[in-house]
Amino acid sequence: MTFIEFKAGDVERLKTLHTAYKLEIGEDVPSDADFEALAAAIGAGRIRFFGCEDESMPVGCCSVTTGFSTFNYGQSGVFEDFYILPEYRHRGIARGLVAYAAGQSGVQSLTVGCADCDLEMYKTLGFSIRLGNLLAYDF
């Protein structure tokens, strides 16, 4: 297994994983325009995608979007888009991918918003400081 960072030109390789992730969490499948916007955001450095490959085949991914946080008065990251192909789960890839993304992104803190059913998984992966509830503004 090899950990990598996806670049803007790698979005085609990311499509299968990201689409499977969206389907698993019950969200709409991204359109070609969505993937074009994602490639532009990666290219502009607004989001970073990390992954794990098995013999050049992507088997897991996650993203980190960075900004300044008063939680630690430094560079902070929001961890999202976390997905491991089902047949690759329970092999330690998740822990490795989280550690890789945290290290490569250069953040001093990493936060994740998750469904109640995923809370224990994220705690196991090292997300142990509870910061209340995460809510999204509805436009």
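Aspartate 32 is exposed, with a relative accessible area of 54%. Exposed means over 50% relative accessible area, buried under 20%, and partly exposed in between, with a 1.4 Å probe and protein chains only. The model is predicted: local features need pLDDT of at least 70, side-chain atom pairs count only at pLDDT 80 or more, and totals for chains, interfaces and linings use all residues. Residues are numbered from 1 along each chain as its sequence is written, and side-chain values use heavy atoms, with hydrogens and water left out.

**Salt bridges**

Side chains of opposite charge can pair when their charged atoms come close. A salt bridge here is a side-chain nitrogen of Lys or Arg within 4 Å of a carboxyl oxygen of Asp or Glu. The whole structure has eight salt bridges. The table shows some of them, including a bridge of aspartate 32.

| Pair | N to O distance |
|---|---|
| Arginine 48 and glutamate 5 | 2.8 Å |
| Glutamate 12 and lysine 15 | 2.9 Å |
| Aspartate 32 and lysine 15 | 3.6 Å |

Aspartate 32 pairs with lysine 15. This pair links distant parts of the chain: aspartate 32 sits in helix 2 (residues 32-43), lysine 15 in helix 1, 17 residues apart. Helices (H or I, at least four residues) and strands (E, at least two) are DSSP runs, numbered from the N terminus.

Lysine 15 also meets glutamate 12. Both lie in helix 1 (residues 11-24), three residues apart, about one turn of the helix. Glutamate 12 is exposed, at 57% relative accessibility.

Arginine 48 bridges to glutamate 5. That pair, too, links distant parts of the chain: arginine 48 is in strand 2 (residues 48-54), glutamate 5 in strand 1 (residues 2-6), 43 residues apart. Arginine 48 is partly exposed, at 24%.

**Cysteines**

How many disulfides does the structure hold? It holds zero. A disulfide is a pair of cysteine sulfur atoms within 2.5 Å. Cysteine 117 is in no disulfide either; the nearest cysteine sulfur, in cysteine 114, is 8.0 Å away. Is cysteine 62 buried or exposed? Cysteine 62 is buried, with a relative accessible area of 0%. Cysteine 117 is exposed, at 68%.

**A surface patch**

Phe71, Ile129 and Leu131 form a nonpolar patch on the surface, with about 320 Å² of accessible area together. Isoleucine 129 lies in the segment after helix 4 (119-124). Isoleucine 129 counts as exposed, at 59% relative accessibility. Patch residues have over 30% relative accessible area and no salt bridge; like charges are joined within 9 Å, nonpolar side chains (Val, Leu, Ile, Met, Phe, Trp, Tyr) within 5 Å. Accessible areas come from the Shrake-Rupley method with a 1.4 Å probe; for residues, only the protein chains shown count as cover.
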